[in-house]
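Trainee: Hi! Could you walk me through this model before I start working with it?

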Amino acid sequence: PITIVWFLAIAAIGVYNLAAHPEEARLVASGFSPGAIVDFWTKGEYAGVDAWRTLAGVVLSVTGAEALYADMGHFGRAPISVAWVVLVYPCLVLQYMGQATALCVRPHGVVSPFYNA
């Protein structure tokens, strides 16, 4: 129950930031385009090796969130899979998109993006 409240709370913060800054939210949503991903990897400030480092940060973020509900192992594979698809992943996507939107508005918040979002 506590992790459900946690994921819903971070999703709500993400939705708030997305709704509060619609122009920046469109910019963040454009990151889902395959063309934007190719551009990120091949052009601009983070091209090449730095793009790999950025990807490593994303992977660590998702696996860190996964640890929040890893103790559910005694429930079995099916409930954990459902929890990931129905609750955890959508909440994380909303929260990370909200953080990115907040950082577009206030770049100085990069020092502690979770608390500054």
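**Helices, burial and a pocket**

Mentor: The chain has 6 helices and 0 strands in its secondary structure. Keep in mind that this is a predicted model.

Trainee: What pattern does the chain follow along the sequence?
Mentor: Read in that direction, the pattern is α-α-α-α-α-α.

Trainee: And what share of the residues is buried?
Mentor: Buried residues account for 21% of the 117 residues in the chain.

Trainee: Let's start with α1. What span should helix α1 have, and what do its ends show?
Mentor: Helix α1 covers residues 2-20, which is 19 residues, and at 1.5 Å a residue these should span 27 Å. The end C-alpha atoms of α1 are 27 Å apart, which agrees.

Trainee: Which residues of α1 are buried?
Mentor: Phe7, Ile10, Ala11, Gly14, Asn17 and Leu18 are the buried ones in α1. They cover an arc of only 120° around the axis, so they sit on the same side of α1.

Trainee: Why would residues a few places apart point the same way?
Mentor: An α-helix has 3.6 residues a turn, so residues three or four places apart point the same way.

Trainee: Nice. Which residues are exposed on the other side of α1?
Mentor: There you find Ile2, Val5, Tyr16 and Ala19, which are exposed.

Trainee: Can we zoom in on Ala11? How far is Ala11 from Met97 in sequence and in space?
Mentor: Ala11 is in helix α1 and is buried, with a relative accessible area of 7%. Ala11 and Met97 are 86 residues apart in sequence, and their C-alpha atoms are 9.5 Å apart in space. Met97 is itself one of the buried residues of α5.

Trainee: And Ile13, is it buried, partly exposed or exposed?
Mentor: Ile13, also a residue of helix α1, has a relative accessible area of 39%, so it counts as partly exposed. From Ile13 to Gly98 there are 85 residues in sequence and 7.0 Å in space, C-alpha to C-alpha.

Trainee: On to α5, then. How far apart are the end C-alpha atoms of helix α5?
Mentor: They are 40 Å apart. Helix α5 has 29 residues, residues 77-105, which at 1.5 Å a residue should span 42 Å, so the two values agree.

Trainee: Where does α5 bend?
Mentor: The bend is at Trp84, and comes to about 45°.

Trainee: Which residues of α5 are buried?
Mentor: The buried residues there are Ala83, Leu87, Val88, Cys91, Leu92, Gln95, Met97, Gly98, Gln99, Thr101 and Ala102.

Trainee: Changing topic: what volume does the largest pocket have?
Mentor: About 1300 Å³. It is lined by 27 residues, and the closest to its centre are Phe40, Thr54, Val58, Tyr96 and Ala100. The elements giving two or more residues to this lining are α2 (22-29), α3 (34-42), α4 (49-66) and α5.

Trainee: Which element gives the most to that lining?
Mentor: α5 does, with 9 residues.

Trainee: And how does the lining of the largest pocket split by class?
Mentor: The lining has 21 nonpolar and 6 polar residues, with no charged residues.

Trainee: Last one: where is Arg106 found?
Mentor: Arg106 is in the loop between α5 and α6 (113-116). Arg106 is partly exposed, with a relative accessible area of 29%. Between Arg106 and Asn116 there are 10 residues in sequence and 8.5 Å in space, C-alpha to C-alpha.

Methods
Residues are numbered from 1 along each chain as its sequence is written. This is a predicted model: local features need pLDDT of at least 70, side-chain atom pairs count only at pLDDT 80 or more; totals for chains, interfaces and linings use all residues. Side-chain values use heavy atoms; hydrogens and water are left out. Helices (H or I, at least four residues) and strands (E, at least two) are DSSP runs, numbered from the N terminus. The expected span of a helix is 1.5 Å times one less than its number of residues. The bend at a residue is the angle between axes fitted to the seven residues ending there and the seven starting there. Buried means under 20% relative accessible area, exposed over 50%, partly exposed in between (1.4 Å probe, protein chains only). The arc is that of the directions from the helix axis to the C-beta atoms. On a 1 Å grid over the protein atoms alone, a cavity is a set of points where a 1.4 Å probe fits but cannot get out, and a pocket is an open set with protein on both sides within 12 Å along at least five of seven lines; lining residues have an atom within 4 Å of a point. Grid points are joined across faces, edges and corners, and a volume is the space filled by probe spheres set on the points. Ala, Val, Leu, Ile, Met, Phe, Trp, Tyr, Cys and Pro count as nonpolar, Asp, Glu, Lys and Arg as charged, and the others, Gly among them, as polar.
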